[in-house]
Structures are given as structure tokens and as C-alpha cells.
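I opened the model to look up a few side chains. My notes follow the order of looking.

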Amino acid sequence: MSRRSFRTGLAIVVGTLVVAAIVVGLLARSALHYPDTRHAGAGREVEVEIKPGMAFPSVSSLLASRGVIARPTWFRLFAMYRGDTTRVKTGTYKLRDDLTPRQVLATLVAGVKDVTVTVTLPEGQHMLEYFARLGGQCPAGEARACPRVTDAAALLALARDKEFLAAHGIPGDSVEGYLFPDTYSFRVDEAPAKVLGRLITRHQQVWRELAQVHARELARVKDRLGWTDRDVLVMASIVEKEAVVAAERPRIAQVFINRLVEPEFKSRRLETDPTIRYGCTVPETKSAACQAWDPTQRLRRAQLDDVDNPYNTYRHAGLPPGPISNPGRSAIEATMDPDGSKFFYFVAKAEGASEHVFSRTYDEHKAAVARYVKSQD
């Protein structure tokens, strides 16, 4: 080989090495600056869903396809360097298209911020009313809006699911009575099982507290009537519907207990309207008289005489088949520890009034009704 050819070859090799070194240097410089280089976007918001089980290479490819990052391989190498490839959280993100890779990765590691709403479930409402509220539908005429937490239909289906009931130790055919009325904060679009689970857990917590405080009184009530905890809850749900003034709840609980056990009250029927209304409103199967009834109207003779409604306490002795509302702390406590009075009857002091007049005999009750209740057509 001639000296001239050698020099030419050497020059080519050196030139190639120099070019390669420059390229490598530029790439290294780009790689070093990559994490803090903004993506060439217009600042628009892009929605990206990171699904459970998604591997990080798929995450990088998805971000690139949505125009959030460039160079998905570099993004993956950067995440590997940071040790963040397994720390990305699932969820639906709203990412701008002009962020730096470092900002994008930090957002994915931090996770989606939960959007929460506050919902108040009033005492004494039944489960359909609760589910409507949780589904974003407030009763007509209520001033404040009800934020949507989850799907009402899904709540109802789960509320009657035998496996779900068994898992939470709930006897009967629904969660009625076991949803504690309170103010809750929920994530938007929370899973129905988590929503119901929180309400049930809160009920169980309050029940345990009250049962411990009133252990002796509760045992006396259960022994006298042969009741289970569920029977006490059924009565508490009735007390919740009948009593407005908290101070009257132990007395109203005692009135209904007296009707079940005292010899003077031979029928053993509770004779309370809210149980009929419940039987005509909530159960899946309803009697013909219930189906013919307009819930916006007062009860008619057909409903009062309806023997096919198992919740009709004017026609069926003893407790109804299950709770008719979700009672609060005060009603539960009043039923565990009634006041021991000997009354059998009560009537509101005026139409729509909260306070009642209590009577021991039916004649006394009739006189109170004549005095306080306006005649109806």
C-alpha cells in the first residue's frame, strides 16, 4: 500500500471517528437534556387512560401516540434511571401536550387526584331514597343539589344481592335498615360496593357503641320480646318514621312494645301507617292494592285493609318482615332503652305537628283525636 493511500485511509477513519464522536456527543447532550425539554405542543389538554396491568413500554407508546411525549424509548430509559417504571398509577389523566418528560413522569407517579363530593343521607329514609341521592337525584323541592356519587341502579342491584348481604352479615333480602344516615365524602364514580360498604360499616360501628352503652337495657328488651338484633332494628326503623322530636322517641318505642306484649292490647298489631307505605313502595313484589295506590296521596281504605301487603301492621300482628327505613343513632338508642311508660296510643297535637299526645286507654285516645285531628273526607 502506498504512503498516499495510507494517509487517505487514515483521514477517512479519523474523519469517521470525529463525525461519530460529534453524533454521539449530540445524542448524549440531547439525552441529558431530554427530561427537561418541553414537548412541541400547543398547550392543549389530552386525556390519557393508564389501565391496570399496563406495562411501562405500553405506557410510553400510548403517551407518544397521544402526542404527550416524543421519543418513547428515551422516556422509558429515563423512567428506568429514576426507578419509576413500576410506580406509575392507574387512572385517567388530563395532560397538556407541552410538558417536559420529567413533568409527565412525575404526574403519572403522583397519580390522579380524586374528585370528592359530600352527600348527606337524612335519618329515616328508605334505601331507594338514598340510592336516588347517591345517583345525583334530590327530592323535588329540595333547594340544594345532590352531587352524583355512583349509579343508583347498580346500588339497588347490589343491595339485594344475596352474596353481598351474606358477606356483610345482613339477614333478610336487602340492606334496608343497615345504611347509617350521616354525612359522607365519596369519590366521584366510586364503586357501588364501596359506597354500600361504608354505609353498612358505619351502621355496625354505631350499633356496637350503643349496644355496649345500653347492654343491660338491650338484653332486657330482647329477653322480654324474644327479639334478635334485627328485630330491634326493625322497631327502630318504625320509631324513626313516627317520632320527630328526639325526646319522644323512647316513649314511642315503648308504645309499640306495649302493643306487642301487654295483655290489654289483645290484637298485637302495631297499626302504623309508615309500614303500609313502605310495603307499597320499596319491595320488588307489591300487592294489587299497593299497585293501585298513588304514593303522593294519603292511604285509602283499600291499602289499610290490604292483607296481601306483609308490611300492613293494621292487618298483621307483630313486626313487619324487615326494617322500613334507615334509623339514626337516636331512634336505635330509644328502642334499646325505651322509657317504660304504659301508653298504647299517641296522636299529633296538630296536623303536621312534631309533638304528640299520649294515651293509655282507647277512650282517652279517641278524645285526643277528636280534639287535635281535623276531620277528613
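I began with histidine 39, whose side chain reaches the backbone oxygen of glycine 67 at 3.4 Å. I count a polar contact as N or O atoms within 3.5 Å, one able to donate a hydrogen and the other to accept it; residues adjacent in sequence count only if both atoms are side-chain atoms. The model is predicted: local features need pLDDT of at least 70, side-chain atom pairs count only at pLDDT 80 or more, and totals for chains, interfaces and linings use all residues. Residues are numbered from 1 along each chain as its sequence is written, and side-chain values use heavy atoms, without hydrogens and water.

I placed histidine 39 in the loop between α1 (3–33) and β1 (45–50); helices (H or I, at least four residues) and strands (E, at least two) are DSSP runs numbered from the N terminus.

Next I turned to aromatic pairs. I took rings of Phe, Tyr and Trp (its six-membered ring) with centres within 6.5 Å; planes under 30 degrees apart are stacked, over 60 edge-to-face, the rest tilted. The count by this rule is 10. Tyrosine 34 and tryptophan 74 pair edge-to-face, 5.6 Å centre to centre with 85° between the planes. Tyrosine 34 is in the loop between α1 and β1 and tryptophan 74 in helix α3 (residues 72–82), so the pair ties together parts 40 residues apart in sequence.

I also checked arginine 71: its charged end sits over the ring of tryptophan 74, 4.3 Å from the centre. The rule is NZ of Lys or CZ of Arg within 6 Å of the ring centre and within 35 degrees of the ring normal.
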